Amino acid sequence: MPETDVSEADVLIVGAGHGGAHAAIVLRQRGFAGTIALVGEEPDLPYERPPLSKDYLAGDKSFERSLIRPPVFYAEREITIMTKRRVVAVEPADHRGTFSDGGTFGYGTLFWATGGHPRRLSCAGHDLSGVHSVRSRADVDRTAGELANTVRVAIVGGGYIGLAAAAVLAKLGKHVTALEALPRVLARVAGEPLSRFYEAEHRAHGVDIRLSTVVDCIEESDGRAAAVRLAGGERVAVDMVIVGIGIVPAVQQLVEAGAAGDNGVDVDAQCRTSLPDIYAIGDCAMHANSFADGRAIRLESVQNASDMATIVAKAITGAPEPYHAVPWLWSQQYDLKLQTVGLSIDHDQAIVRGAVASRSFSVVYLKRGAVIALDCVNATRDYVQGKALVEQRLVLSAPLLADTTRTLKDIASYAMGTHGKKAQAAARHSSRAS
Ligand code: FAD
């Protein structure tokens, strides 16, 4: 592993994860000839996080296969990687910063690509042994190391990560209880039809899904988590607790240095922060997203981290362009491949396309009649063709979208042919009006 050190770099990237690695890769692809240093607090080279809650946790994928690039790739391109180095302070006026061991560095341009730290429960017992997060390789190695002695697992949080972990553990034969505070799983990211489908799938695989359920505390026995006490007083006996309740964006150092931001660091259309020569990308970047009608949001996906990395690499190699990438992500649970395109937040209609019972269907989300997102379960054709509907924000009727005798491509052509481009543009405009 290239464990060199530098004290100065033309581009210094803080955070050696998806966004950081991709930024270094694209810079070199675009012919950037200056020095690049990629600094990460973890001990490993940049790796893919999605397998952590899926095949890496299951033991089906080695860590080496999760590396974003092999070590030789960085060496050949003269990308210096500094592992186990945590940046604790930035001084924007001097273009300098400090590591946790007291060492300092200088930069020409700084990319802040630090993702986030797992949000922890705040109740008693949150830090007991046997309580795990799912953010880093170290988290999952700790979890996996205890699985042989684990029968009962409680998963706190019914989002993508918690549910993916629940699927893996159920398949490994563990007794899994999933605790979700809201009245349905995936409530923040998907519509009700998708939530109900996944709840039924998990129950069919033996997962005890508890909705509208708040954790009161985690009880211990011999210093280890032994039970989750629920707000109603019920006690769920466990050998392990996995907490998947989101992240806290890792932006404290930048905000202390004066960057605008709070829940993430604020960036403009080219991912520039309010500080000179400092960009922020990925999970930690709060940006106005055109697929959320310009609302400021943070996106937590590989797509967003990679596409933002490309935007900053372009900006500093003389080809600036605004960030306008259609959001997409995937999730794997059991034999179900979920592919999502667009952002369903703010939808006012969710149309199911196909038979849910067939385990191959899509949910198409509309806002004021315009397609803003799709969730496609084992329905890759809809996902691929649906992207154009989202990009063009086509205004389509519910019966037409639900008609599975026509492909989405046919439906889009039919709508354009019938109503014409002008009518679509007018309808699209009024779908955005608040
Ligand atoms: P990260 O990849 O998290 O990288 C940030 C790095 O910065 C980390 O290594 C962190 O330790 C380091 N760092 C933080 N602070 C400092 C500091 N001060 N000094 C030095 N280093 C620092 N997305 C999908 O699209 N599909 C999926 O199926 C999917 N599944 C996921 C499953 C899991 C278990 C997890 C955790 C995430 C998943 N994601 C998925 C989300 C995706 O992995 C993230 O959106 C992506 O990793 C974000 O990239 P990033 O560069 O912003 O942050």
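**View 1. Tyr56 and Phe63 are both buried.** Buried means under 20% relative accessible area, with exposed over 50% and partly exposed in between (1.4 Å probe, protein chains only). This is a predicted model in which local features need pLDDT of at least 70 and side-chain atom pairs count only at pLDDT 80 or more, while totals for chains, interfaces and linings use all residues. Residues are numbered from 1 along each chain as its sequence is written, and side-chain values use heavy atoms, leaving out hydrogens and water.

**View 2. Phe111 and Tyr279 form an edge-to-face aromatic pair.** Rings of Phe, Tyr and Trp (its six-membered ring) pair if their centres lie within 6.5 Å; planes under 30 degrees apart count as stacked, over 60 as edge-to-face and the rest as tilted. Here the centres are 5.8 Å apart, with 70 degrees between the planes. Phe111 belongs to strand S6 (residues 104–112) and Tyr279 to strand S19 (residues 278–280), 168 residues apart. Helices (H or I, at least four residues) and strands (E, at least two) are DSSP runs, numbered from the N terminus. Phe111 counts as buried because its relative accessibility is 0%; Tyr279 is buried at 10%.

**View 3. Tyr47, Tyr56 and Phe63 make up one aromatic cluster.** The whole structure holds eight aromatic pairs. For Tyr56 and Phe63, the ring centres lie 6.3 Å apart and the planes meet at 65 degrees, so this pair is edge-to-face.

**View 4. The charged end of Arg77 sits over the ring of Phe73.** The distance to the ring centre is 3.8 Å. A charge sits over a ring if NZ of Lys or CZ of Arg is within 6 Å of the ring centre and within 35 degrees of the ring normal.
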